[in-house]
Amino acid sequence: MATECEAWLNSNPVEAADLSDFFVSGDEDNGGTAVSNKNINEINGNWLSSSSNNIHEARLKAKAKRRLRKNSSRDSGRGDSLSDNGEVVRGTAVAPTSPKSKLLDRKSRLGKGRGLPKKGGAGGKGVWGRSGEVYEPEEVDEKDPNYDEAQENCVYETVVPPLDESDFEKTVTPIVQEYFEHGDTNEVLELLAELNLGPMRSEVPSLAVSLALEAKASHRELTSRLLAELCGPVLYRSDMENSFDKLLQELPDLVLDTPGAPQLMGQFIARAVSDQILSKTYIEGYKGRVDCEYTRAALDRAAVLLKMSMGGLRIDNLWGAGGGQRPVTQLVKEMNLLLKEYILSGDSKEAERCLRDLEVPHFHHEFVYEAIVMVLESKGEKTFKMVLQLLKSLSASSIITVDQMRRGYERVYMDIAEINIDVPRAYFILEQFVEKSFSMAIIDVKLRDLCPCRHMTSFTCRKQLPALIRGIDKLAGAGRDL
């Protein structure tokens with residue numbers, strides 16, 4: 001009940017004098033006079049004097065001020081104020097500035113401030129300090145309760161765990177296979193240096209050689225170069241010897257996948273001795289204590305090659321250079337030797353094998369070009385027929401693709417004018433060779449029609465003959481009419 005009275009009093013402020021009732025002393029029967037309410041008042045059944053009335057008014061004003069301050073924190077925009085006589089004066093509505101109403105408003109509640117960033121730009125989330133500020137090394141406080149003297153001179157380094165046998169092959173095999181593609185030994189050295197090989201260090205040469213045995217001759221040459229580069233920066237000579245010892249012990253198993261493994265292993269050993277990654281006494285250390293026939297064959301092959309090297313054989317070029325790594329002049333020379341050997345022996349299978357061993361499928365158009373030029377420069381029919389049979393065999397076995405065959409013929413078409421200077425009958429021989437190639441399905445009709453001709457009797461100009469004959473007939477008929 002008291003709370004309702006206070007609420008009503010706040011909403012309907014009244015004068016303190018109105019709080020008392022008008023009192024008339026005496027009854028109508030007694031005819032008494034009325035007592036003035038200026039000196040005596042009654043509140044809640046209590047008679048108050050003037051001094052008590054003033055105290056009550058002060059209490060009401062203080063209570064109204066407390067209520068006003070309490071409400072200002074919740075609604076500071078109403079603009080309520082207290083008049084001199086204790087009345088609450090309602091002001092106009094003002095937009096609230098409390099952070100509770102504007103959660104993202106970081107301005108001052110008082111509307112003051114210079115608009116500068118907090119803490120001079122060094123505050124806020126994700127900020128490491130003022131722009132351009134350089135932090136000096138922090139001095140360790142020995143009086144700090146968390147100070148530990150044992151950690152004062154600690155050095156922290158990244159520790160790479162050593163590879164175990166299960167992870168070694170999974171990690172190193174892709175590196176070696178990728179090396180067979182790009183041939184960059186420096187990249188392999190960097191990748192292996194990042195690994196902690198540990199006790200598996202001697203397994204690197206054996207893994208590389210075992211992969212090279214099943215690869216091409218160019219890959220074996222790359223493997224020999226890689227072993228020479230690894231000895232020193234990554235591997236020791238003892239690691240190389242242990243690796244080759246393991247390979248010789250595993251030869252019976254390697255022969256199952258690579259029948260020529262003993263001879264290839266002998267070449268690897270001879271090349272390693274020549275590159276000084278194996279000692280010269282390595283082969284002599286096995287004399288008299290070899291029971292396996294494959295190991296004995298590999299060591300004998302290495303010993304023979306080393307003896308031949310004393311007579312002038314270059315062991316460093318034992319495998320030969322890989323296709324794209326050889327100069328063009330050397331490839332052209334080897335192709336000419338291959339063609340000459342084929343003309344003498346007539347063995348097309350051997351010619352196919354030698355061409356495949358060159359490992360230059362992108363350069364087979366040069367082989368076609370040299371073969372046709374050899375036919376143009378020859379004097380007998382033997383070379384003409386044998387080259388046709390060889391090109392037919394290479395085309396049927398897809399050793400020489402259609403694109404390479406077409407490029408070889410087109411190169412001859414472009415150079416026939418210069419060839420004709422040295423070989424006067426070059427145009428005539430070329431026309432016959434192209435016609436025979438088309439009849440044997442070596443080339444198509446489009447490539448045949450591109451063949452250049454020197455005389456009108458050429459088959460490439462036969463399509464124009466009917467039109468010429470009709471033109472001559474028309475001219476003859478016109479002459480008769482005249």
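S398 is exposed, at 54% relative accessibility. Exposed here means over 50% relative accessible area, buried means under 20%, and partly exposed lies in between (1.4 Å probe, protein chains only). This is a predicted model: local features need pLDDT of at least 70, side-chain atom pairs count only at pLDDT 80 or more, and totals for chains, interfaces and linings use all residues. Residues are numbered from 1 along each chain as its sequence is written, and side-chain values use heavy atoms, with hydrogens and water left out.

S398 is not a glycine, yet its phi is positive, at about 60°. The residue sits in the loop between α14 (381–396) and α15. Helices (DSSP H or I, at least four residues) and strands (E, at least two) are DSSP runs, numbered from the N terminus. A441 is another non-glycine with a positive phi, about 65°. Its loop runs between α16 (426–439) and α17 (445–449). A441 is exposed, with a relative accessible area of 54%.

## Confidence

How confident is the predictor overall? The protein averages a pLDDT of 77, and 69% of the residues score at least 70. pLDDT is the predictor's confidence in each residue, on a scale from 0 to 100. Helix α13 (residues 364–377) has the highest confidence, at a mean of 93. Strand β3 (residues 81–82) has the lowest, at a mean of 50.

Over residues 14–40 the pLDDT stays under 50, and the model gives this stretch 32 contacts beyond four places in sequence. Residues 456–465 also have a pLDDT below 50, with 19 contacts in the model beyond near neighbours in sequence. A contact means heavy atoms within 4.5 Å.

## Salt bridges

Side chains of opposite charge can pair when their charged atoms come close. A salt bridge here is a side-chain nitrogen of Lys or Arg within 4 Å of a carboxyl oxygen of Asp or Glu. How many does this rule give? The count is nine salt bridges.

Start with R406. Its salt bridge is to E410, and the closest N and O atoms are 3.1 Å apart. Both residues lie in helix α15 (residues 402–422), four residues apart, about one turn of the helix. R406 is partly exposed, at 35% relative accessibility. E410 is also partly exposed, at 25%.

Elsewhere, shared partners join the salt bridges of E221, R225, R271 and D275 into one network. E221 meets R225 at 3.2 Å, N to O. This pair lies in helix α6 (residues 217–230), with four residues, about one turn, between the positions. R225 is partly exposed at 35% relative accessibility, whereas E221 is buried at 3%.

E221 also bridges to R271, with the closest N and O atoms 3.0 Å apart. This pair links distant parts of the chain: E221 belongs to helix α6 and R271 to helix α9 (residues 261–274), 50 residues apart. R271 is buried, at 6% relative accessibility.

E370 belongs to helix α13. Leaving out residues up to four places away in sequence, E370 touches V332, N336 and L339.

## Nonpolar cores

The largest nonpolar core has 50 residues. Such a core is a set of buried Ala, Val, Leu, Ile, Met, Phe, Trp, Tyr and Cys residues joined through side-chain atoms within 4.5 Å. L230, F244, L248, M265 and I269 have the most contacts inside this largest core. The elements giving two or more residues to it are α3 (165–182), α4 (185–193), α5 (203–213), α6, α7 (237–249), α8 (251–257), α9 and α10 (293–310). The largest share, eight residues, comes from α9.

Which residues does L248 touch? M265, I269, Y282, Y286, T295, A298 and L299, not counting residues up to four places away in sequence. A second, separate core has 48 residues, including L339, I399, F433 and V434. L339 is also one of the residues that E370 touches.
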